[in-house]
Amino acid sequence: MASKNININLKVWRQKDAKSKGGFEKYRLENISVDSSFLEMIDVLNEKLVNEDKEPVAFDHDCREGICGMCSLFINGRAHGPDSLITTCQLHMRTFKDNETIIIEPWRSGGFPVIKDLMVDRTAFEKIMQAGGFISVNTGGVPDANAIPIAKAAAEEAMDAASCVGCGACVATCKNSSAMLFVSAKVSQLALLPQGKIEASKRAKNMVAVMDEMGFGNCSNTGACEMECPKGISLAHIARLNREFLIANIKS
Amino acid sequence: MTKLNSKIPEGKLKDKWSNYKAHQNLVNPANKRNLDIIVVGTGLAGGAAAASLAELGFKVKNFCYQDSPRRAHSIAAQGGINAAKNYPNDGDTVYRLFYDTIKGGDYRAREANVYRLAEVSNAIIDQGVAQGIPFAREYGGLLDNRSFGGALVSRTFYARGQTGQQLLLGAYSALSRQIGLGNVTMYNRTELMDIVIVDGKARGIVTRNLITGKIESHFGHAVVLATGGYGNAFFLSTNAMGSNGSAVWKAYKKGAFFANASFVQIHPTAIPQHGDFQSKLTLMSESLRNDGRIWVPKKKEDAEAIREGRLKAENLPEEDRDFFLERRYPAFGNLVPRDVAARAAKERTDKGFGIENNTTKEGVFLDFKYAIKRLGKDLIEERYGNLFQMYEKITADNPYKTPMKIFPAIHYTMGGIWVDYELQTTVPGLFVAGEANFSDHGANRLGASALMQGLADGYFVLPYTIQNYLAYEIGTERMVPSEHDEFKKAEKDVETLIDKLMDIKGTKSVDYFHKKLGKVMWNNVGMERNEKDLKDAINKIKEIKKEFWSDLKIPGEKNALNVELEKANRVADFLEIGELMARDALNRDESSGGHFRSEHITEDGEAKRNDKDFMYVAAWEYKGDDVDPELHKEPLHYEEIEVKTRNYKTA
Ligand SMILES: Cc1cc2nc3c(=O)[nH]c(=O)nc-3n(C[C@H](O)[C@H](O)[C@H](O)COP(=O)(O)OP(=O)(O)OC[C@H]3O[C@@H](n4cnc5c(N)ncnc54)[C@H](O)[C@@H]3O)c2cc1C
Ligand code: SF4
Ligand code: FES
């Protein structure tokens, strides 16, 4: 396929740091190959800015393969941009039209304060994980792997939940900034497996408590999170989280 | 005279690790909480080590440059992880896994280390399952395996195409638990800038907070580096954007020897470069070569027409296609090992038969037409559906209809810091684990063994061996860095370095230099090397380095988040690492594994090893910035293995 180039206009959110007030800056880029990824387009912008003695736009990214969960960005009003089941690094410029104006903003949520420009602080997710996103087992002294048979269907469903990349698109998309989809993915993965079942309700309770503490809102079952999740994490996990949470409350 | 003591324990190969464990020194539980361990890196090696050491009772400080330990580069691994469980009952044993790994590395790895790796491999799978990793299962509820990279047994465990992700999340969950319990202090978005040596021992590190720019010191009774590979010296690679060689390079400059720097793995099936602005290369799983046929046009004018879009690949008649792997290697065909497949593709594109419309005109076809005809689309979809989808997202081409375009890419570095059997470097108290050390893969790494090595080091080797060192450190009091000259000096050095970078105020961006270095590395220190090109590379890299230090431009401030400054730090080191890689490749006047010298080719085009002169680990000692490093040799002995020529023609 012969590649094509397009020109684009950008409106990019610039913010010096968490305390400063931010605003949009306009840029125009010419001759962007439609085969470039969205982040490569920002690389081009940044190279241009550096050459003009200006500070490049700060944004988060690392693997650029859709797996580390580090890239973010609200693009034209959607988390990870106008395509489904992808992270921003998997978005390509062929999705856009010649001379289109593209608006780029950081994840917006009280739980994720802006660090600079398009970079936000997602350590609230870390805190939630530290409260219970694990099976309490030490290294060594565990049984042979095949001593715990697990039904294929359960393993597959656990794997569906486990594929969450911790990106936070669900939070950024939710009008309440709820972190339920993220939390439910972890709770669900471990509750589906016999090894994790033992601590299931305690885990749910602890993780939800910290989630509330970190300032994430309630889930009102609108389902926007599921639609923007790059890994297709299902709302059904939220139901499982609710069940575990309920059991935990009854028990106490 | 060599200063290398590999500390391989006495006894028969199969008893060495048990003997070691039976006789090493241990630290009493009450003393453990008085000992601080610094672990840099949160990938499989670092994450597993930090969690396990904290579980034992040590106080651990763990560092990564990303915003979360879960984003370490290990997360990207796709295929799987090896273990000698023999669940399929097809005759696997610890010895067989050991043997395959040594042979795969072309007899350039240390026998005792590799045996131990094979020995602990099974415990890794047990550990992962206990942590809740949803490995693939059979209908009976037991674990499923698949085979990988030509092994004769099925020993690869996997979690869909996301094995690295799941293994890392397992280690991360164990780590999160320890952070929650207060046993690990986690430092995200923090980059190692230097290593502090006090009285000859590693005692801490200096870091830069990537958000505030603050330079800080951290004390540790021991320091562990698990910072991954340095493949990004090539600029384009399958590595994550932030992957760097800086931590190991600082270690090298502080006295740790750097081993086998030139051993780089090139993966044959990545998506080719599409343009000058490309930032990285994406891997397509090796498994595709099971059913895809690799070809380029026979005639240059056809290749040109395809590149220019005047001719569609699917319309090129059969007789005009050159299935070059099948032609050159009739016995193995498209399934030749990674290094051979990669070199053959380069040979064709060098001759002008490349098919991709990019500046380098590099790329070959991987065609599924024949397999679809033979097996049906459904079966192909079942086998490779997710990969086909990923390919389509990136290229907008449908591989069911038109052949995929692929090209070799830098993937993994087998070289790294020299460590002994205990994973300790030539600097006492400084340990290196995972891809960052040189130890287990020799000149070539087999598929599914990097994950195994990272976790083996982190869960099952370091937690034992580090105690043998720390047992003598229980009397050493915690240091307050601000009260120690060595820490103060190291901090000052870092400040000076940063000021020096910021003050250049030249005209070129960091990426400009990184790309320039990458080109030299790829052309001269890439898939095929020779004396002239390597010498040329050393000179060229020196020139780029000079230009870098006189014409670099970094906008912004140093005491704030400054991505350009972060990159500049890393590229400054890549420039020096690149030079050492070329030097190491030049010294190794033989072909072995991923290191292919065009002067040493057998009659039928294979790599020609020279065991008589080069059966050693090349460990380089830093002697000063403008002084040539000194080469030390650790001879390799194979007691339990017969050293043979790798043969791809029969088996
Ligand atoms: C696309 C791809 C697919 C792969 N597939 C497989 C596979 O199927 N099977 C297999 O066995 N292997 C595979 N590999 C190889 C394997 O993934 C890696 O070799 C392995 O994960 C490396 O682990 P590690 O713990 O040594 O380092 P990494 O996971 O790279 O971790 C490095 C850590 O160090 C930190 N760090 C680095 N530098 C600094 C610094 N200066 N300061 C502070 N922190 C720092 C990082 O933040 C990170 O936490 C694959 C590799 C790639 C690229
Ligand atoms: S649930 Fe989906 S959107 Fe939310 S963090 Fe996980 S992967 Fe991202
Ligand atoms: S950069 Fe890793 S998911 Fe996008």
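Visitor: Taking a salt bridge as a side-chain nitrogen of Lys or Arg within 4 Å of a carboxyl oxygen of Asp or Glu, how many are found over all chains?

Guide: The search of the whole structure gives 79 salt bridges. This is a predicted model, in which local features need pLDDT of at least 70 and side-chain atom pairs count only at pLDDT 80 or more, whereas totals for chains, interfaces and linings use all residues. Residues are numbered from 1 along each chain as its sequence is written, chains are lettered from A and ligands numbered from 1 in the order in which they are written, and side-chain values use heavy atoms, with hydrogens and water left out.

Visitor: What does Asp420(B) pair with?

Guide: Its salt-bridge partner is Lys7(B), with the closest N and O atoms 2.8 Å apart. Asp420(B) sits in the loop between strands E16 (416-417) and E17 of chain B, and Lys7(B) in the segment before helix H1 (16-23) of chain B, so the pair ties together parts 413 residues apart in sequence. Helices (H or I, at least four residues) and strands (E, at least two) are DSSP runs numbered from the N terminus.

Visitor: Turning to the sheet with E17(B), what is its strand order?

Guide: The order is E5-E2-E1-E9-E17 in chain B, an open sheet of 5 strands with parallel pairing; two strands pair if DSSP finds at least two bridges between them. Strands E5 (184-187) and E17 (430-432) of chain B are the edge strands, each pairing on one side only. On average, neighbouring strands of this sheet are turned by 20° against each other, direction ignored.

Visitor: How many bridges join E2(B) and E5(B)?

Guide: Strand E2 (residues 59-63) of chain B and E5(B) pair in the parallel sense over 4 bridges. Within E5(B), Met186(B) stands opposite Asn62(B).

Visitor: And which strands does helix H3 of chain B lie across?

Guide: Helix H3 (residues 44-56) lies across E1 (36-40), E2 and E5 of chain B, running at about 160° to E2(B). Helix H13 (residues 450-470) of chain B packs on the sheet too, touching E1, E9 (222-225) and E17 of chain B, and makes about 150° with E9(B). Contact means heavy atoms within 4.5 Å; axes are lines fitted to C-alpha atoms, for helices over the stretch in contact, and angles run from 0 to 180 degrees between N-to-C directions.

Visitor: Now the interface: how much area do chains B and A bury between them?

Guide: About 6500 Å² is buried, 52% of it on carbon and sulfur atoms; buried area is the accessible area (1.4 Å probe) that two parts lose on being put together, summed over both. In chain B, Arg71(B), Arg137(B) and Arg177(B) lose the most area to chain A, together 10% of what that side buries. In residues, 76 of chain B are in contact with 74 of chain A.

Visitor: How many salt bridges are counted between the two chains?

Guide: There are 8 between chain B and chain A. In one salt bridge, the side chains of Lys553(B) and Asp53(A) meet at 3.1 Å, N to O.

Visitor: Which elements of chain B give two or more residues to that side?

Guide: They are H3, H5 (111-131), H6 (163-180), H12 (377-395) and H13 of chain B. H6(B) gives the most, with 10 residues.

Visitor: Finally, what is the strand order of the sheet in chain A?

Guide: The order is E2-E1-E5-E3-E4, an open sheet of 5 strands with mixed pairing. Strands E2 (23-33) and E4 (78-79) of chain A stand at the edges.
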